[in-house]
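Have a look at the sequence and structure first.

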Amino acid sequence: MPKTEFHTKAGDDPEGLLLRSWLDQAALANGFDGLRITDTDLGQAPEKLRTWLAQGRHGQMHYMERHAAIRSDPQLLQPGTIRVICVYMNYAPKLDLEREWQRIESPGEAVISVYARGRDYHKVLRQRLQALASQIEARIGPFGYRVFTDSAPLMEVELAQKAGLGWRGKHTLLLNREAGSTFFLGEILVDIPLPVDAPVESHCGSCSACIDVCPTAAITAPYELDARRCISYLTIENPGPIPVEFRAAMGNRIYGCDDCQLICPWNKFAQTSALPDFAERHGLGDSTLLELWSWSADEFDRRHEGSAIRRIGYVRWRRNLAVAIGNALHSKRSSQTIKNTLRHALQSDWVQANPLVREHIEWALAPAPEIPS
Ligand code: B12
Ligand code: SF4
Ligand code: SF4
């Protein structure tokens, strides 16, 4: 959105507009790509969150359940809060949409979600949000605030949507005309009566590309997502076995999934991140399954130092790779080397001691399941 357009209710309050204009500049100077402000009223959203939880759509993400009440009201998270400063930050190191699709369709390649190829975004955003908050304090004096991103019990997309950072797509993510959806969200909860911004219009129209492309039909209706079916959940959050019904659909996606974003027409406008933090590490946008499979546990820790991927641990990492390698074998476009590598791995002490990984390797080595005609 144009950075000069305010949409505020500041009216003719020159003090408010001056501060607001300074805030926009300060956000940019700290590496954010847009800033908007809203109040703490989440309207109908908490009710929908409760229904979503009651349907069990959060799967094993028990923290979603535990913090449901706090998530529904930012004032419970940080007493005294009356405004939420919402920011977004582009994360794509580079986004060649054609190349991304080509890799998804090449069974031997390992596909890692674009957002996870650089430094852990939690650290990047937190530090920069804190710096922004300190600068505000230096300008206006002491005030009550707390910074958040992602893991905090806040309805971030809902708040950002209300603040006007973009509209909610049918895939449930936030997107805007200037940057598509390849950005993270962050917030500063504050106790100062800043002028609030207005939401922007939705531009999804009759499009349903994200719903149609989803490999596991996780977007069960516009704006509704069943996390238990989402490859992002299955490969990252899910601690147990990947349900057999979703393994073939996972293809070669071994960490997260971007399909519903890659297909979105608005991501033709996705912006490249200017921050070195999000530069691709260790060729993660370009690796084969066998290269990653060859990593030892120590190598996994070393190479993913400071990356969000390290959080899933070596066992889930190998579980995901085993499924992707199985899919490569089933596609019959893979070499005998892949089969031999898996057979060899099955004999190892490490695999024998990790029944979760063993079961996924056995699945991978089994003949391809019949596809009903
Ligand atoms: C849990 C979670 C997940 C879960 C569930 C995702 C989901 N859509 O709910 C999983 C693990 C699947 C996931 C995946 C991803 N995530 Co995530 N995730 C979160 C988290 C922590 C909470 C989201 C949440 O509250 N979900 C619960 C549901 C109920 O909330 P909701 O979608 O807001 O629900 C609203 C609508 O869907 C609708 N709705 C719900 N039910 C119903 C029913 C009816 C009838 C109707 C009409 C409407 C409706 O109304 C609800 C309230 O307004 C947020 C960070 C945060 N603290 O907010 C990041 C966040 C949403 N994730 C993020 C990202 C980047 C991703 C991935 C792209 C990562 C990847 N590449 O793999 C994928 C995208 C998958 C997708 N299409 O959503 C970013 C999104 C940034 C953006 N541009 O919007 C966030 C904001 C993190 C951040 N700080 O940047 N994520
Ligand atoms: S793919 Fe279409 S429906 Fe989905 S978010 Fe993008 S514009 Fe909206
Ligand atoms: S991230 Fe992948 S699996 Fe999840 S909703 Fe989007 S397309 Fe479907």
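Into which domains is the protein divided? There's domain 1 (14-92 + 119-190) and domain 2 (209-365), with bounds that come from an automatic or database domain assignment. Keep in mind that this is a predicted model, where local features need pLDDT of at least 70 and side-chain atom pairs count only at pLDDT 80 or more, while totals for chains, interfaces and linings use all residues. Residues are numbered from 1 along each chain as its sequence is written, and chains are lettered from A and ligands numbered from 1 in the order in which they are written.

**Between the domains**

Taken over C-alpha atoms, the centres of domain 1 and domain 2 are 28 Å apart. On the domain 1 side, 28 residues are in contact with 29 residues of domain 2 (contact: C-beta atoms, placed from the backbone, within 7 Å). Helix α7 (residues 121-140) gives the largest share of that domain 1 side, three residues. Helices here are DSSP runs of H or I with at least four residues, strands are runs of E with at least two, and both are numbered from the N terminus.

**The ligand shells**

A residue is near a ligand if its C-beta atom, placed from the backbone, lies within 6 Å of it. For classes, Ala, Val, Leu, Ile, Met, Phe, Trp, Tyr, Cys and Pro are nonpolar, Asp, Glu, Lys and Arg are charged, and the others, Gly among them, are polar.

| Shell | Nonpolar | Polar | Charged |
|---|---|---|---|
| Ligand 3 | nine residues | three residues | one residue |

Ligand 1 has 35 residues around it, and Glu156, Leu173, Phe184, Ser232 and Gly256 come nearest. Its shell draws at least three residues from each of domain 1 and domain 2, and α2 gives the most, with four residues. Around ligand 3 there are 13 residues, with Cys214, Cys230, Cys257, Asp259 and Cys260 nearest. Helices α10 (231-237) and α12 (259-262) each supply at least two residues of that shell.

**Two buried elements**

All five residues of strand β1 (residues 34-38) are buried (20 or more other C-beta atoms within 10 Å of a residue's own, all placed from the backbone). β1 pairs with strand β2 (residues 83-90) in the antiparallel sense over five bridges; pairing takes at least two DSSP bridges.

In helix α18 (residues 355-365), the buried residues are Val357, His360, Ile361 and Ala364. Seen down the axis of α18, they fall within an arc of 100 degrees, so they line one face of the helix; the arc is that of the directions from the helix axis to the C-beta atoms.

Technical notes. Buried ≥ 20, exposed ≤ 12 C-beta atoms within 10 Å, placed from the backbone. Contact = placed C-beta atoms within 7 Å.
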